[in-house]
Amino acid sequence: MKRIFTIPNILSIVRILLIPVFIVLYLIGRQGENIYLIISVLVVALSGFTDILDGIIARKCNMVSDLGKVLDPVADKLTQAAVAICLAIDNPIVIPMFVVFAIKESAMMIGALTLYKSTDRRPISAKWYGKMSTVILYAVMMLIIINTVYSFIPGWLITTLVIIATLSIIFSVINYYLLFRAAIREEKAEAHSQSN
């Protein structure tokens, strides 16, 4: 039980619970209640902060767990998907980014299942390129919401930022693919050497 109810895992659960809070705030805000949009940005920022915090605590306090390796990315992906879908309602430019994000997550899920079936390995911890992609995605989405209220960012710059976020997602999935492939090859090589 101590490995389940750790501070990092609790923070991941908090991030999941913040998702419906964000959705309600954003949907109210898009009706013209700008204060709710600002609060929704703060909710996303809080979610991002707890994501960074739980990673630090898990490593520094030796609270890394198999549940956390699953719960943390699930909380991230659900949050990112919820924010992207909400933004896509009024910002069509976000739709291609969300499509790439959805493809990436589907590929990650298939890769993780393949790795588990092929090697029986436990979940792989998030890598720097995954975290970098997450940070960029959060930052761009929060800027889009803020820009909805204050309109201080020109359209071409928003488009550029969305393209950068999309490229970071692609960069991340390529690196995870190489990681999964290397892990499967390594396991097969070990199995082959043991059989000989």
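F171 counts as partly exposed because its relative accessibility is 35%, where buried means under 20% relative accessible area, exposed over 50% and partly exposed in between (1.4 Å probe, protein chains only). This is a predicted model, in which local features need pLDDT of at least 70, side-chain atom pairs count only at pLDDT 80 or more, and totals for chains, interfaces and linings use all residues. Residues are numbered from 1 along each chain as its sequence is written, and side-chain values use heavy atoms, leaving out hydrogens and water.

| Residue | Relative accessibility | Class |
|---|---|---|
| T6 | 5% | buried |
| F171 | 35% | partly exposed |
| W128 | 57% | exposed |

Now to the rings. Rings of Phe, Tyr and Trp (its six-membered ring) pair if their centres lie within 6.5 Å; planes under 30 degrees apart count as stacked, over 60 as edge-to-face and the rest as tilted. The count by this rule is five aromatic pairs. For W128 and F171, the ring centres are 5.9 Å apart and the planes stand at 55 degrees, so this pair is tilted. Because W128 lies in helix 5 (residues 128–150) and F171 in helix 6, the pair ties together parts 43 residues apart in sequence. Helices are DSSP runs (H or I, at least four residues), numbered from the N terminus. W128 and F171 also belong to one aromatic cluster with Y129 and Y176.

Lastly, let's visit T6, which sits in the segment before helix 1 (7–29). T6 and V64 are 58 residues apart in sequence, with their C-alpha atoms 8.8 Å apart in space.

Methods. Helix = DSSP H or I, 4+ residues; strand = E, 2+ residues; numbered from the N terminus.
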